[in-house]
Each structure stands twice: as structure tokens, then as C-alpha cells.
Amino acid sequence: MSWTVLVISWIVRAICRVNWLLGQIFSWLSLAIVVVCFTVVIQRYFFSISHIWMQDLFVWMSGVMFMGIAGYALLTNQHVRVDVFYRPASKRWKAVVDMVGSVVFTAPFVYIVFIYGLPYVRRSWRIMEASSNYGGMPGLYIVKTFVLVFAVVVGLQAIAMVGRSILILCDREDLVPEYFRYKNVEKQEV
């Protein structure tokens with residue numbers, strides 16, 4: 001067995017574990033978002049109380065959650081994909097499509113988001129940016145940092161997809177983690 005195939009398998013597993021863990025952690029923010037949003041609504045409409053920082057909080061948590069779990073979405077095939085040709089395709093064809101898509105589309109996108117996002121995030125940290133709303137939350141620079149987190153987790157998962165494609169094309173699907181393998185699609189009767 002080639003050592004390069006083993007290294008690729010190890011990299012794929014490591015990236016998938018990181019994105020899976022981030023998905024598990026950041027998905028809990030959805031509960032916090034609902035609780036904070038519900039609290040804001042109850043305070044506003046039943047008690048005529050409004051806290052701008054709470055309104056900022058659930059919006060910011062939503063952004064953090066969606067950017068933090070982007071790699072998890074790619075890992076679990078929860079992203080948008082035109083499935084007409086991909087879904088019934090063979091594993092090898094899916095591997096080729098994923099490899100080309102990751103290199104031709106995802107890599108440039110991630111690069112552009114990171115390169116253009118970096119000065120934006122640096123500036124935010126330099127001025128310790130806070131909410132522009134009077135009485136809003138401090139720490140907007142932390143939320144803006146998640147633009148870079150988004151680029152990193154999606155980029156890493158794209159690397160894992162290329163690695164999976166290589167393993168599939170080398171007939172080493174056994175080295176791909178079970179949860180990251182291509183699923184067989186049964187033909188459905190209409």
C-alpha cells in the first residue's frame with residue numbers, strides 16, 4: 001500500500017473530524033438564537049422593553065453559526081447542488097466532478113473570500129469595532145473574523161473532497177471514512 005494514499009486518507013479523516021466537531025458545536029447556536037430572539041419579541045411586545053444589544057446578539061450569532069458550520073454543510077452534502085446528473089452518477093464520476101468542482105470553483109472562491117476578507121477583518125480588529133447601533137454589542141471584530149473562518153473551513157473541506165476523489169479513483173474507497181463515502185442511490189419508481 002502506497003504511503004501517499006495513507007497520508008491522503010489521514011488528511012481526509014482529520015479535516016472531516018474538525019468540520020464535524022465544528023458542526024456539532026456551532027449547531028447549538030441555533031437554540032441560543034431562538035431563545036434570544038424569542039426573548040426580544042416577548043420583551044418588546046409584552047413589556048415594551050427593547051435592548052439593542054440583544055437584537056445585535058441574535059443576528060451576530062446567526063452569522064457566526066452559518067459561517068462556522070459551512071464546512072460541516074459541505075461534509076454532509078447539505079450545500080446547494082444541481083443534482084440532476086450528479087445523483088444517479090457512478091462513484092467514479094462523482095469523484096471526478098467533486099475534484100474538478102473543488103479545484104475550479106471552490107478553491108478560487110475561498111481564495112478570494114480570504115484575500116479580500118483579511119484586510120476587512122484586520123481593520124475591524126485594529127479599531128476594535130463594535131456595533132454601529134447606539135447601545136449595541138461590542139466585539140463586532142470577533143464576528144467579522146468568522147469571514148476568515150468560513151473561508152478556512154470550506155477550503156479545508158474542499159481539500160478533503162479532493163482527497164476522497166483521489167482515494168475513490170485509486171480504488172481505495174475503504175480508506176474513506178464511512179460517513180464521507182458516496183451513497184448508492186436506489187432508482188425510484190415514478
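How many nonpolar, polar and charged residues does the lining of the second largest pocket have? The last legend gives the answer.

This is a predicted model, in which local features need pLDDT of at least 70, side-chain atom pairs count only at pLDDT 80 or more, and totals for chains, interfaces and linings use all residues. Residues are numbered from 1 along each chain as its sequence is written, and side-chain values use heavy atoms, with hydrogens and water left out.

View 1. Helices are DSSP runs (H or I, at least four residues), numbered from the N terminus.

**View 2. Around Phe180.** Contact means heavy atoms within 4.5 Å. Leaving aside residues up to four places away in sequence, Phe180 touches Val12, Cys16, Leu75, Gln157, Ala160, Met161 and Arg164.

**View 3. The largest pocket.** Its lining has 18 residues. Leu74, His79, Val80, Gly101 and Thr106 lie nearest the centre. H6 provides the largest share of this lining, seven residues.

**View 4. The second largest pocket.** Of its 17 lining residues, Thr76, Asn77, Tyr86, Arg181 and Lys183 are closest to the centre. By class, the lining has seven nonpolar, three polar and seven charged residues. Here Asp, Glu, Lys and Arg count as charged.

Definitions and conventions:
1 Å grid on protein atoms, 1.4 Å probe; cavity = no way out; pocket = protein on both sides within 12 Å on 5 of 7 lines; lining within 4 Å. Helix = DSSP H or I, 4+ residues; strand = E, 2+ residues; numbered from the N terminus.
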